[in-house]
Amino acid sequence: MTQFLPPNLLALFAPRDPIPYLPPLEKLPHEKHHNQPYCGIAPYIREFEDPRDAPPPTRAETREERMERKRREKIERRQQEVETELKMWDPHNDPNAQGDAFKTLFVARVNYDTTESKLRREFEVYGPIKRIHMVYSKRSGKPRGYAFIEYEHERDMHSAYKHADGKKIDGRRVLVDVERGRTVKGWRPRRLGGGLGGTRRGGADVNIRHSGRDDTSRYDERPGPSPLPHRDRDRDRERERRERSRERDKERERRRSRSRDRRRRSRSRDKEERRRSRERSKDKDRDRKRRSSRSRERARRERERKEELRGGGGDMAEPSEAGDAPPDDGPPGELGPDGPDGPEEKGRDRDRERRRSHRSERERRRDRDRDRDRDREHKRGERGSERGRDEARGGGGGQDNGLEGLGNDSRDMYM
């Protein structure tokens, strides 16, 4: 198959040139023998110099010694700089320190992204602000993280000093203190070796972390560090964290119990209010029914009294209008249409029974209208009877006229 391939592909399968033959060496390097054997240094001692003429030996500096030396040199250099700056430092003649020192508030640990307008909004809640001075770095122009706020009134500064310490602004809790440079005698700032707090005393086992407003003199006499400071510090932090979590759980449980008690009291109060409202509504309904029953009873008694008066007046008027003639209508029990057993009395009984059987509002209104019509007819009949009596006294008519008038009156009363 390879004979059919083109020459360029056949060149890939061609064998290489054979390896050239080289004659072997006489001896290997480790097999060769040296002409001069090894010897000591005794023949060369006379070539060395005299030890009495040699310079003294020099000792090299170790890494730890070099770091300690640099640290001491740095501390000495910094002390010289601090002494020089202390001679030049005068807070009363500082051009940046303006305004009343007793109305000025010092704010530290400010977020680097916090602006002056943000500080003004946060601290204006305690009173009107006169001026805010934020400190910037002279070399880079970036904020240093602290500022001075001057208030219009001293009481506002005291209020901010009391309530604004630890306030969170832009994710960081600020430290608030009074201006001590111009108010405290012998005061030195932190950059000149003064300040409050023990956060820059040394390592983590020596430094103290607190708000910074407390005096550091009470932290001076501290016991020495323990053999395992990191482990003790971690244990203390864990213990404090557990205590804080327990306190938070207790506070949360107290709030829940108070909320449950409040809801329970509100439910019981609502239930009591509903019960009282039901009782009041029942009492109102009872009083309303009692008043309505009293009014109905009073109206019934009034109607009965009117009916009695009306019946007595008719009996007395009949003999006067009819003269002394005895009645000719039958037995004494039946006295005609106007007697006690006449149709008018039966109609009144039927009306009374109907009023007692029906209690709806429509029936009561109908009864009132009927009573009003009856009173109107009764008054009209009384006026007619008086007119008949006047005519009888004047002699205008005889006995027939009086009987006719009596019949009309009885017919009107019946209607």
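Predicted model: local features only at pLDDT ≥ 70, side-chain atom pairs only at ≥ 80, totals over all residues.

Biologist: How many helices and strands does the protein chain have?
Modeller: Helices (H or I, at least four residues) and strands (E, at least two) are DSSP runs, numbered from the N terminus. Read from that end, the elements run α-α-β-α-β-β-α-β-β-β-α-α-α-α. The totals are eight helices and six strands.

Biologist: What share of the residues in the protein chain is buried?
Modeller: Buried means under 20% relative accessible area, exposed means over 50%, and partly exposed lies in between (1.4 Å probe, protein chains only). The chain has 415 residues, and the buried share of them is 18%.

Biologist: Which residues of the largest nonpolar core touch the most other members?
Modeller: A nonpolar core is a set of buried Ala, Val, Leu, Ile, Met, Phe, Trp, Tyr and Cys residues joined through side-chain atoms within 4.5 Å. The largest one has 18 residues. At least two of its residues come from each of β1 (104–108), α3 (116–123), β2 (129–136), β3 (143–151) and α4 (154–163). Those that touch the most other members are Leu105, Val107, Phe123, Ile149 and Tyr151.

Biologist: Why do the buried residues of α4 lie on the same side?
Modeller: The buried residues of this helix are Asp156, Met157 and Ala160. The arc is that of the directions from the helix axis to the C-beta atoms. They are on the same side of α4 because the arc they cover is only 100 degrees.

Biologist: Which exposed residues does the face of α4 turned away from its buried side carry?
Modeller: On the buried side, the cover includes β1, β3 and β6. The face turned away from that side carries Arg155, Lys162 and His163.

Biologist: Is leucine 192 buried or exposed?
Modeller: Leucine 192 lies in the loop between β6 (175–178) and α5. Apart from neighbours within four places in sequence, leucine 192 is in contact with Val82, Glu85, Leu86 and Trp89. With a relative accessible area of 1%, leucine 192 is buried.

Biologist: How far apart in space are leucine 192 and glutamine 79?
Modeller: In sequence, 113 residues separate leucine 192 and glutamine 79. From C-alpha to C-alpha, their distance in space is 9.1 Å.

Biologist: What is the distance between the closest N and O atoms of arginine 252 and aspartate 249?
Modeller: A salt bridge is a side-chain nitrogen of Lys or Arg within 4 Å of a carboxyl oxygen of Asp or Glu, and the structure holds 35 of them. Arginine 252 and aspartate 249 are three residues apart in helix α5 (residues 229–322), about one helical turn. An α-helix has 3.6 residues a turn, so residues three or four places apart point the same way. The salt bridge between arginine 252 and aspartate 249 has its closest N and O atoms at 2.9 Å.

Biologist: Which residues do salt bridges that share partners join into one network?
Modeller: Arginine 258 forms a salt bridge with glutamate 251, with the closest N and O atoms 3.7 Å apart. Arginine 258 is partly exposed at 39%, and glutamate 251 is partly exposed at 28%. The network formed through shared partners joins Glu251, Arg254, Arg255 and Arg258.

Biologist: What is the phi of aspartate 170?
Modeller: Most residues other than glycine have a negative phi. Aspartate 170 is found in the loop between β4 (168–169) and β5 (172–173). Although aspartate 170 is not a glycine, its phi is positive, at about 55 degrees.

Methods: Residues numbered from 1 in each chain as written. Heavy atoms only, no water. Contact = heavy atoms within 4.5 Å.
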